[in-house]
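Thanks for coming, everyone. Please bring up the sequence and the structure, and we'll walk through the packing together.

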Amino acid sequence: MRQATDVFGEWAEKGRDIGMAKGHAVSVSEMLSFVIEERKELDKKFSFLDLGCGNGWVVRDVLKNPLCNRAVGIDGAKQMIVNAESNGGDGEYILADIDSYNSFEKFDAIHSMEVLYYLKNPKDIVKKITDSWLNAGGRLIAGIDLYHENTESHSWEEKVGTRMLMLKEAEWLQMFKDAGLSKVKSWRSNKSSDWAGTLVLTGIK
C-alpha cells in the first residue's frame with residue numbers, strides 16, 4: 001500500500017485534482033452552506049481551516065463570503081499545495097503531515113472532505129482538533145464517501161492502492177462524541193438511487 005499523499009500528489013501532477021473538486025462539489029457546497037448559515041445567524045466574522053485542502057478550491061470559495069476574514073488550507077501532498085498557490089487568491093496554504101501537525105492557532109470552522117479515513121488515527125486527530133484547533137463554539141464538519149453503509153466504496157482501498165479506514169456511520173458519530181464535541185449529528189448529502197451519498201458528520205466545541 002502506498003501513502004495517500006503520494007497517490008494524490010501524482011493525481012495533482014496529472015490534473016486529476018480538478019476532477020476531484022468537481023466530483024465533491026455538490027456535497028461540499030451543502031456542507032459550506034450549513035456552516036455559513038450558522039455564521040450568518042451569529043452575525044460574526046469567522047476563520048476557516050480546510051483539512052486536506054487539495055488544490056485550494058474550497059478555501060477560495062469560502063473567501064468569497066464577506067463574513068470569512070481568514071481561510072487556511074493544509075495538505076500533505078506537495079503538488080496539491082503547489083497547485084493551490086498557483087491558483088492565486090488570498091488563501092493561505094500549509095504543506096504538512098496532518099497526522100503529526102499541530103496548529104498554533106484556532107479556527108471558528110474546520111472542514112474536511114474525503115480526508116479522515118486516510119489518517120493513521122482519525123480518532124486522535126478529531127480529539128486534537130476539538131481540544132486545540134477549534135475556538136469555543138467552533139464547528140467541525142467532515143464529509144466522507146467511504147463508510148460501511150456505502151457498499152460502492154468497499155473496493156476503493158484495493159483500486160486506489162492506499163490504506164483506508166472502513167467504519168460504520170455510528171462509529172464515526174461516536175468518535176466525534178468521544179472527542180468532546182456537542183450537538184453531534186450526521187446526514188447523507190447528494191444521495192441517489194444508486195449512491196448512498198456523502199456521509200456528513202458535524203459537531204460543536
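Which residues of α4 are buried? They are Met80, Ile81, Asn83 and Ala84. Before I go on, one caution: this is a predicted model.

Now look down the axis of α4. The buried residues fall within an arc of 160°, so they line one face of the helix. Turn to the face away from that buried side. There you find the exposed residues Lys78 and Ser86. And what do the buried residues of α4 pack against? The partners are α1, α2 (16-42), α3 (57-62), β2 and β3 (92-95). Just after α4 comes Gly88, with a positive phi of about 75°.

Let's take one of those partners, α1. Helix α1 covers residues 4-13, and helix α4 covers residues 78-86. Their axes are 7 Å apart, and the packing angle is about 40°. The two helices are therefore oblique to each other. From α1, the contact uses Phe8, Gly9, Ala12 and Glu13. From α4, it uses Gln79, Met80 and Asn83. By type, that contact has three nonpolar residues, three polar and one charged. Keep Met80 and Asn83 in mind: both sit in this contact, and both are on the buried list for α4.

Next, α1 against α2. How far apart are the axes here? They are 5 Å apart, and the angle is about 100°. That makes α1 roughly perpendicular to α2. Phe8, Trp11 and Ala12 come from α1, while Arg16, Asp17 and Met20 come from α2. This contact divides into four nonpolar residues, no polar ones and two charged. Note that Phe8 and Ala12 touch α2, and Phe8 and Ala12 also take part in the contact with α4.

On to helix α7, residues 169-178. Its buried residues are Glu169, Trp172, Leu173, Met175 and Phe176. Down the helix axis, these fall within an arc of 155°, so they line one face of α7. That buried set packs against α5 (122-133), β5 (134-144), β6 (182-189) and β7 (198-204). After the helix comes Gly180, where phi is positive, near 100°.

Which residues touch the most other members of the largest nonpolar core? Trp172 and Phe176 do, in a core of 45 residues. The elements giving two or more residues to this core are α1, β1 (46-51), β2 (68-75), β4 (107-113), α5, β5, α7 and β7. The largest share comes from α1, with five residues. You have met Ala84 already, as a buried residue of α4.

Back to Trp172 for its contacts. Leave aside neighbours within four places in sequence. Trp172 then contacts Leu116, Tyr117, Pro122, Ile144, Tyr147, Leu165, Leu167, Leu199 and Leu201.

Buried or exposed? Ala142 has 1% relative accessibility, so it counts as buried. Not counting residues up to four places away in sequence, it touches Met31, Ser112, Leu116, Phe176, Leu199, Val200 and Leu201. Leu116, Leu199 and Leu201 are also among the contacts of Trp172. Then there is His111, 31 residues from Ala142 along the chain. The C-alpha atoms of Ala142 and His111 are separated by 5.6 Å.

Last topic: backbone angles in residues other than glycine. Asp43 has a positive phi of about 55°. Where is Asp43 found? It is in the loop between α2 and β1. With 62% relative accessibility, Asp43 counts as exposed. Lys183 also has a positive phi, near 50°. The place of Lys183 is in strand β6. Lys183 is exposed too, with a relative accessible area of 67%.

To recap with the model on screen. Buried residues line one face of α4, and buried residues line one face of α7. Helix α1 is oblique to α4 and roughly perpendicular to α2. Trp172 and Phe176 touch the most other members of the largest nonpolar core. I'll stop there.

Conventions. Residues numbered from 1 in each chain as written. Predicted model: local features only at pLDDT ≥ 70, side-chain atom pairs only at ≥ 80, totals over all residues. Heavy atoms only, no water. Axes fitted to C-alpha atoms, helices over the stretch in contact; angles between N-to-C directions. Helix = DSSP H or I, 4+ residues; strand = E, 2+ residues; numbered from the N terminus. Parallel < 35°, antiparallel > 145°, perpendicular 65-115°, else oblique. Contact = heavy atoms within 4.5 Å. Nonpolar A, V, L, I, M, F, W, Y, C, P; charged D, E, K, R; others polar. Buried < 20%, exposed > 50% of the residue type's maximum accessible area, 1.4 Å probe, protein only. Arc of directions from axis to C-beta. Core = buried A, V, L, I, M, F, W, Y, C linked by side-chain atoms within 4.5 Å.
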